[in-house]
Amino acid sequence: MTREFTFKVLATNGRARRGAITMPRGEIRTPAFMPVGTGGTVKAMYMDQVRGVGSDIILGNTYHLMLRPGAERVARLGGLHEFARWPHPILTDSGGFQVMSLSKLRKLTEKGVTFRSHIDGAAYEMSPERSIEIQGLLDSDIQMQLDECTALPAEKKEIERAMELSLRWAERCKSAFGDQPGKAMFGIVQGGDVPDLRLRSAQALKAMDLKGYAVGGLAVGEPQAVMLDMLDITCPELPADRPRYLMGVGTPDDILKSVARGIDMFDCVMPTRAGRHGLAYTRRGKVNLRNARHADDPRPLDEDSDCPAARDYSRAYLHHLVRSQEALGAMLLTWNNLSYYQKLMQDIRAAIEARAFDARAAEISEGWARGDIPAM
């Protein structure tokens, strides 16, 4: 495996791209979906299962890991890969979104953010430099700049202020990151739902010549159409030879439509969170296992699935587990959901290589629209 961080576009179909990121800990096939391992664990999954469904990379969260168990402790224990028994690539987000959304009594200045932990109220400081330091202690392979994410809707003046601050923080993160062979720091395009601010942010980050670029501040309350409009504006401004990561997105439909606009990487808590709440993602759309219609149904979720959770357990059993709040219900449905998401990404990559992405995306969407099999 290469000693450097590289990205290569292997095929295109319209604006959709099939590529590969290579680094010392492995290759990431793109378009890629990154399961969210917030606190060093993908909830309700064993790491070998996460790998087994086709995941090349997982995401860890700087905010949560700095609070518990602590970045310095993780470093003493060999870094996050060793700590969590995941020897493959890890991306860490900066912690900025969680600071803004979870923390109490936070104060934002040019220097950074001071805040109180949502766990015990303890005071912390997070600067761009400290965010990169923590991500280094965790030993993540792809590190994100600290930014300020503005919830939508918001006034243009406020969106512009946050975007400009994020650009200044990106410069400081780049300096703090320095030259780390085999690793990368990504900048984050901000600008809310304002086209000219998105353009300014993308152009300024492009001038920094970073190894990758994320699009942030979307899927935070705005309609899907607005998100897609911002991608239409932003993606053409980003370098074609660098990976593009849409943060916190999303539903399978979001992923299809975003790949069509040139996005290479995704993460979202949706498949794992849904699994813990009785909701399964399938090629026939979403299936709510809490519903009484499944109580006497001996059929599996999907008899053609490669995932044992979808193929080998009856809907009646899954319904029972969910309604009884048994831990196994969350485990099986999370397994199913991550398997489905990774199968979707595999399908997308193959369709781009075959130059048949639009047709395949339409078929997938039609499968969702037809809905689940009829009740017995």
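Student: What makes the pair formed by the backbone oxygen of Gly285 and the side chain of Thr282 a polar contact?

Tutor: The backbone oxygen of Gly285 lies 2.8 Å from a polar atom of the Thr282 side chain. A polar contact is a pair of N or O atoms within 3.5 Å; within protein, one must be able to donate a hydrogen and the other to accept it, and residues adjacent in sequence count only if both atoms are side-chain atoms. So 2.8 Å is inside the cut-off. The backbone nitrogen of Arg284 also lies 3.0 Å from a polar atom of the Thr282 side chain.

Student: What kind of model is this?

Tutor: It is a predicted model: local features need pLDDT of at least 70, side-chain atom pairs count only at pLDDT 80 or more, and totals for chains, interfaces and linings use all residues. Residues are numbered from 1 along each chain as its sequence is written, and side-chain values use heavy atoms, without hydrogens and water.

Student: Why is Thr282 called buried?

Tutor: Its relative accessibility is 5%. Buried means under 20% relative accessible area, exposed over 50%, partly exposed in between (1.4 Å probe, protein chains only). Therefore Thr282 counts as buried.

Student: Why is Gln190 called buried?

Tutor: Gln190 has a relative accessible area of 3%. That is under 20%, so the word applies.

Student: How do you know that Gln190 and Asp147 are joined?

Tutor: Their side chains make a polar contact of 2.6 Å.

Student: Why does Gly217 count as buried?

Tutor: Gly217 has 7% relative accessibility, so it falls under the 20% limit.
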